[in-house]
Amino acid sequence: MRFDDRIATVMAQPATHSSGRAAKWRQLVDLLAQRRGEDPSDEAEQALAWLREHRSEMAARTRQEVAQSLAGRHISPLLFTYFAEDSPAVAAPLIAGVRLSAAEWVEILPTMSQTARSLLRNRRDLAPAVVQALASFGSSDLGIPGAVDTEAATKVREPLNPAAEAGEAQIRELVARIETFRKQRSVGEAEPDADGLAPIEAFRWETGGDGVILWVADAPRGPLVGQTIASIAEHGQFGVDGQAAGAFEKRAPFRDARFSVAGSGPASGDWRISGVPFFDPQSGVFLGYRGSARRPRLDEVARAQPEAAASAGLFGTDLPADSLRQLIHELRTPLNAIVGFAEMIDGQYMGPAGANYRSRAAEIMEQATRLLSAVDDLDTAARIETQRLTLDQSSVDAVALLCRLHDAYERVAIQRGARISVEIMQGLPPAKAELGAAERMFARMLAATIGLAGDGEVIAASMALGNLGRKKMLCLAIDRPKAIEGLNEAALLDPGYSPEGDWPGAPALGLGFALRLVRNLAEAVGGGLHIGPQRFYLYLPPLEANELSSGQGS
């Protein structure tokens, strides 16, 4: 039977229920994936129209998994076009790995969205003709995609514009206040070094294709040329952090990565560097990175406390917690406004909006929600610092909480090629804590460990009873990933420390901040956090037998 006949047979099947439509959707995708080397037939076009009509009924996760299964295969341009017009999360794996001929690429490029073409530009295996065709779109691909018809756009924009302008004004005012606050707390003028040369405050740099710095401007060449951004500096050594090295591996831009320079000259000390990759305009070959460096701001550097680093406050700086809480309060307003605007666009509450426009709104909503979570962490930290945190301790089923979070973070581990195994002791009592605080502690611990797991690494976790001093406690023990092997407690609790800058599920405020937050929350409920050489140990007080019998937390 010809492919078109098989497509017609599937199209003729009734699909009145969601399960039937899901099966039909997969069958049609599979058939279209096999149909290559022929002009689109009427049957194929009808199948594609049906897939588009029922796209929203298929879970995004399902569409993403199917798209990933097609990556690396020769499929029909017709089917590729269908997935390329989906959200970036669905389209990206297929765009990164699908195999099409140069002629097919050139033909479908005009039909692809700006976002899809931007993703395609990251590939290094495209034929010169395809690279040249991509370059012909020029700056038009830098705009925000997702045009809508004039009437619909007017419906969406009119009620949003006044609110958007108000939100922008709030953000501008907030940025100005933060800058004023920073300047008021800035240190004195830089002092000359032993050679009479004042430390420099900024410079420009460029690397070769191997990541080694070959050229600098506005700084001495000696201590900088020969440094590399391609690998992470060992703890206590000089070089870049995981953000820069991770970006180099993916040929991606990065911003404000850590960079430390040895010596006592004007270029020595800590820096924050930003860079973008550059490529040969004709062949598309990666040539290196260009970027700039600046000295870290005061709020980016933890106060030096060599003897008391492990017991320092949550922030590790002189930043007043009351001032921070005021800034947090003012951050929530524009962030909530951004989430609200994005929800209105994504949900089309004020009228129709283009698919790409809605996709971009959904991405903004997700990122703003993550920022709000970070703001909540900052607020909790500030309350702890000012001793204003009130926790309503009650009975928390720690085992059920761990199992629920395990299911969520297991997916993160699988995406990274890692695994998490959990062993739970039978008959454990409930924890005596506030549910929200317990969930935050468990989630931050899992995110910090699983997010750092390497390919093939197994993170083992266990929950049992253990001793904290003389007290019997519930103990969640989690393996330390190899990425932070050998680091002592003082290094890990540095509020600004994070070995990687962009790993999935990473704590938005850094690993050091997350660990300090977990430790202080644990101590607030009567438990603690112990950092061992091989594992993290989170202790929570159990609900005593008399409290169980009296029905606390029921």
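This is a predicted model: local features need pLDDT of at least 70, side-chain atom pairs count only at pLDDT 80 or more; totals for chains, interfaces and linings use all residues.

Let me begin with a question: which residues in H15 meet which residues in H17? On the side of H15, the residues are Ala-437, Arg-440, Met-441, Arg-444, Met-445 and Ala-448. Their partners in H17 are Leu-511, Leu-515, Leu-517, Val-518, Leu-521 and Ala-522.

As for the geometry of this pair, helix H17 spans residues 511–524, and the axes of H15 and H17 lie 10 Å apart at an angle of about 150°. Since angles over 145 degrees count as roughly antiparallel, H15 is therefore roughly antiparallel to H17. The two helices make a left-handed crossing.

I turn now to the nonpolar cores. The largest one has 53 residues, and the members that touch the most others are Met-441, Phe-442, Leu-515 and Leu-538. Helix H15, residues 435–450, supplies the largest share of this core, with 10 residues. What does Leu-538 contact, if we set aside neighbours within four places in sequence? The list includes Met-441, Phe-442 and Met-445, together with Leu-474, Cys-475 and Leu-476. Val-518, Ala-522, Gly-528 and Leu-529 are also in contact with Leu-538. As a general remark, nonpolar side chains in soluble globular proteins tend to be buried together.

The next topic is the sheet. It is open and antiparallel, with six strands in the order E2-E1-E6-E5-E4-E3. At its edges are E2, residues 213–217, and E3, residues 239–240, each of which pairs on one side only. E3 is joined by two bridges to the antiparallel strand E4, residues 254–261, and Val-240 stands opposite Phe-259 of E4. Helix H11, residues 242–250, packs on the sheet and touches E3, E4 and E6. The direction of H11 makes about 120° with that of E4.

Finally, I would draw your attention to two aspartates. Asp-218 sits in the loop between E2 and E3, and its phi is near 70°, a positive value in a residue other than glycine. Is Asp-218 buried or exposed? Its relative accessible area is 56%, so Asp-218 is exposed. Asp-256, by contrast, lies in strand E4. Phi of Asp-256 is also positive, near 55°, and at 28% relative accessibility this residue counts as partly exposed.

Thank you for your attention.

Note on methods
Residues are numbered from 1 along each chain as its sequence is written. Side-chain values use heavy atoms; hydrogens and water are left out. Two strands pair if DSSP finds at least two bridges between them. Helices (H or I, at least four residues) and strands (E, at least two) are DSSP runs, numbered from the N terminus. Contact means heavy atoms within 4.5 Å. Axes are lines fitted to C-alpha atoms, for helices over the stretch in contact, and angles run from 0 to 180 degrees between N-to-C directions. Buried means under 20% relative accessible area, exposed over 50%, partly exposed in between (1.4 Å probe, protein chains only). A nonpolar core is a set of buried Ala, Val, Leu, Ile, Met, Phe, Trp, Tyr and Cys residues joined through side-chain atoms within 4.5 Å. Angles under 35 degrees count as roughly parallel, over 145 as roughly antiparallel, 65 to 115 as roughly perpendicular and the rest as oblique. A crossing is left-handed if the near helix is turned anticlockwise from the far one by less than a right angle, and right-handed if clockwise.
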